[in-house]
Amino acid sequence: MSKPVVLIAEELSPATIEALGPDFEVRHCDGADRSQLLSSIVDVDAILVRSATQVDAEALAAATKLKVVARAGVGLDNVDVKAATQAGVMVVNAPTSNIGSAAELAVALLLAAARNIPQADAALKNGQWKRSKYTGIEVADKVVGVVGLGRIGILVAQRLAAFGVELIAYDPYVQPARAAQLGVRMVELDELLTTADFITVHLPKTPETVGLIGAEALTKVKPSVVIVNAARGGIVDETALFEALRDGRVHSAGVDVFATEPCTDSPLFTLDNVVVTPHLGASTDEAQEKAGIAVAKSVRLALAGELVPDAVNVQGGSVPEDVRPFLPLVEKLGRIATALAAGIPATVEVEVLGEISDQDTAVLELSALKGLFADLSDEPVSYVNAPLLATEKGVDVSLSSSPDSPDFKNVVRVKAALADGTLVSVAGTLAGTRQREKIVEVNGFHVDVLLAEHVAFFTYADRPGVVGYLGGILADANVNIAGMQVSRRAEGEQALVVLTIDEAIDSSVVTQIVAGVGATTGCTVDLIDA
């Protein structure tokens, strides 16, 4: 038998080849050369890339045997994940390979901005001895505000703790008890802005975080503050930051990322109190080697048909045959639980009921976590980093099982409890010979709804006219209802309506519905990528 063929389309560390081992035929090409890529990818089983190779729909169509695209890094901007999924091609990345390097760069930028290191270096090399001009700021005994206490934010906090600082953080999804274990006090964003002497940003880029540190936020900071953004471009508004630095409302800044990249022309570059780098967070030999080794291991697993922890679009692996079909369903249940909870829960329990309970269902806990965090991060959530995210956010997770399932052959329920005691639950099953995904319970309301790409939930006081009102609002928004089911515990008490719709509902429409029907809860979940 011939060996599976692995194409390496960009320069990767020798350790990557070693991690692949002798079981593969390894070929090389210049992935940035389009014609060379398209001719080389035709008969390969896997391709390893970094950021210069565009694995788009055209490349995927040319690859008649391709099973895996492996990105030796975190971002997937150069891989068409949707087209790969449609083609049945697994996409993997290395989500934790660069977190240490990214944290170290943030600390380096903070120190460089505080002590004017690049400016003093440039002046001295230009023959100018300017000690008084480049007097800096000590870090010791200052307040450091970490905006986003995820994997990288935690590493930055741990490293800065050695400087003898007071650590505060803003992250609406981290439990205060978990932060306290790290020596960090959780605060609201306004308190962080007004209190911190140093602000370092480590949030994912989402519609909610773009421009979070903007003109209004920068009116609240100390004029002596040092601001660092080594997370994602656009979270700190570059125009607002430039004006605050120029006007003396911010002391200095360190910036590694920009709203549009590559960026070679910015007003920030004209200021002497700004330290800039060209998105170097992951640019260390160690990070590149870790990324190469990680994706090489994933390729080995994928081509052997095993569970691939870092797969971002396809589930699979050594899972019992009867359990495997539940993986995508339970991931969707996790996403629905997040939407119903409107935040990160303190505890999550996955209940497995019915015939599959006598098999190894541990992977369903991972699948639920994968869904739970899917809509809270702009980076792919995998079987590996989902448990890490749960630990970082202080979420306690458990799995229970029982053969008792009175109404269905098998049911999986995801139960979540918020820190304030709020409880949410959603249960689902697979129905019929086609194993169609159904929701059978939401927060104690019994339903029977086939899952669709777009689902909405509203809880309200049972009374006449609500269904008609909902239909009218959605009609005005040009949203077509594919299915609707109302469930209630008793006449005149609380009722739940579940809608499957043909397209996503704008948040303003959700707000209008909630206000119009006096809903106690209202949310939509878009499962198109689940």
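I looked up M484 and found it in strand β20, residues 481–488 (strands are DSSP runs of E, at least two residues, and helices runs of H or I, at least four, numbered from the N terminus). The model is predicted: local features need pLDDT of at least 70, side-chain atom pairs count only at pLDDT 80 or more, and totals for chains, interfaces and linings use all residues. Residues are numbered from 1 along each chain as its sequence is written, and side-chain values use heavy atoms, with hydrogens and water left out.

M484 counts as partly exposed because its relative accessibility is 32% (buried is under 20% relative accessible area, exposed over 50%, partly exposed in between; 1.4 Å probe, protein chains only).

Next I checked helix α5, residues 99–115. Its 17 residues should span 24 Å at 1.5 Å a residue, and the end C-alpha atoms are 24 Å apart, which agrees (the expected span is 1.5 Å times one less than the number of residues). Of these 17 residues, 12 are buried, so α5 is largely enclosed by the rest of the structure. Among the buried ones I noted I99, L105 and L110. Just after α5, N116 has a positive phi of about 55 degrees.

Then I looked for aromatic pairs and got a count of 1 (ring centres of Phe, Tyr and Trp, the last by its six-membered ring, within 6.5 Å; planes under 30 degrees apart are stacked, over 60 edge-to-face, the rest tilted). F258 and F269 pair edge-to-face, at 5.8 Å centre to centre and 85 degrees between the planes. F258 counts as buried at 6% relative accessibility, whereas F269 is partly exposed at 32%.
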